[in-house]
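Work through the exercises below with the model open in a viewer. Try each task before reading its solution.

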Amino acid sequence: MAKETLVIANQKIHPIVEFFEIDFECRNDREFIDTAQTDRKILRSALSKSKGIYAFYNSEFEVIYVGKTKSNLWNEMKFAFNRRMDHYQRYQVQHPRSKYSEPSNGFVRTIRKKQFYLFDLATHFSAYAIEDDTLIDLIELMMIRIMPNDILNVRMEGNTSLRAYSAEDVA
């Protein structure tokens, strides 16, 4: 029985890309990959044609956001990448970019609490095509519930569609 379940899962869940580095040069355009590059065009096409689950990771490869869509992974991921994380605030010192400037006249940069966008935090992403809409919901629900303290998702999925595991499941 377990082997049959694995075969079914393999037919319905396909990795599109795993731990793919975000193209930082594109952040100003609110993109996470440079679609001018040929291989990125192919990736964008694969994401656009698929529905499923995706995850964004921080620089330590920790999952920071999990999402799903039942239509177009590319559009949903781009929307999420540009989403403001109002509930996620951290202290930050604003430094000049790409240059060092000495503090003058006793000026010290202040530490302020700041709200972040997902594009401020994400460095890599993964995406999985899933054919079965029910599986999309269940896998996202499971991932969010497994990592509630590590991800930025505000909404915690209920567990009404999950049931207790029993000995009958392996029989």
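Two residues are in contact when they have heavy atoms within 4.5 Å of each other. Keep in mind that the model is predicted.

**Exercise 1. Overall layout**

Task: State how many helices and strands the protein has, and give the order of its elements.

Solution. 
- Count the elements: the protein has 5 helices and 6 strands.
- Read from the N terminus: the order is α-β-α-β-β-α-β-β-α-β-α.
- Turn to burial: 33% of the 171 residues count as buried.
- Look at the contacts with a separation of 6 or more: residues 24 or more positions apart account for 67% of them.

**Exercise 2. Strand S2 and its partners**

Task: Find how many bridges join S2 to S3, and how many join S2 to S6.

Solution. 
- Take S3: 6 bridges join S2 to this antiparallel strand.
- Take S6: 6 bridges join S2 to S6, again antiparallel.
- Pick a bridge on each side. Isoleucine 53 has lysine 68 in S3 as its bridge partner. Alanine 55 has serine 126 in S6.
- Follow the chain from S2 to S3: the two form a hairpin with 5 residues between them. In the turn, phenylalanine 61 has a positive phi of about 60 degrees.
- Check the cover on S2: 6 of its 6 residues are buried.

**Exercise 3. Isoleucine 53**

Task: Decide whether isoleucine 53 is buried or exposed, and list what it touches.

Solution. 
- Locate the residue: isoleucine 53 sits in strand S2.
- Apply the cut-off: buried means under 20% relative accessible area. Isoleucine 53 has 2% relative accessibility, so it counts as buried.
- Leave out residues up to four places away in sequence. Isoleucine 53 then touches Val66, Gly67, Lys68, Leu73, Ser126, Ala127, Tyr128, Ile130, Ile136, Ile139, Glu140 and Met143.

**Exercise 4. The buried side of H3**

Task: Which residues of helix H3 are buried, and why do they lie on the same side of the helix?

Solution. 
- H3 spans residues 73-81, and its buried residues are Leu73, Trp74, Met77, Ala80 and Phe81.
- These residues cover an arc of only 135 degrees around the axis, so they share one side of H3.
- The general rule: an α-helix has 3.6 residues a turn, so residues three or four places apart point the same way.
- Now find the cover. It includes strands S1 (13-21), S2 (52-57), S3 (63-69) and S6 (124-130), and helices H2 (38-48) and H4 (118-121).
- Inspect the start of H3. A side-chain oxygen of asparagine 72 comes to within 3.0 Å of the backbone nitrogen of tryptophan 74.

**Exercise 5. Aromatic pairs**

Task: How many aromatic pairs does the whole structure contain? Classify the pair of phenylalanine 19 and tyrosine 57, then that of phenylalanine 56 and phenylalanine 81.

Solution. 
- The search finds 13 aromatic pairs.
- Phenylalanine 19 and tyrosine 57 have ring centres 4.8 Å apart and planes at 35 degrees, so the pair is tilted.
- The two are 38 residues apart: phenylalanine 19 is in strand S1, tyrosine 57 in strand S2.
- Compare accessibility. Phenylalanine 19 is partly exposed at 45%, whereas tyrosine 57 is buried at 6%.
- For phenylalanine 56 and phenylalanine 81, the centres are 5.7 Å apart and the planes are at 35 degrees, so this pair is tilted.
- Phenylalanine 56 lies in S2 and phenylalanine 81 in H3, so the pair ties together parts 25 residues apart in sequence. Both are buried.
- One aromatic cluster includes Phe56 and Phe81, along with Phe20, Phe32, Tyr54, Tyr65, Trp74, Tyr117, Phe119 and Phe125.

Technical notes:
Residues numbered from 1 in each chain as written. Predicted model: local features only at pLDDT ≥ 70, side-chain atom pairs only at ≥ 80, totals over all residues. Heavy atoms only, no water. Buried < 20%, exposed > 50% of the residue type's maximum accessible area, 1.4 Å probe, protein only. Helix = DSSP H or I, 4+ residues; strand = E, 2+ residues; numbered from the N terminus. Arc of directions from axis to C-beta. Polar contact = N/O pair within 3.5 Å; in protein donor to acceptor, adjacent residues only side chain to side chain. Pairing = 2+ DSSP bridges. Phe/Tyr/Trp six-rings, centres within 6.5 Å; stacked < 30°, edge-to-face > 60°.
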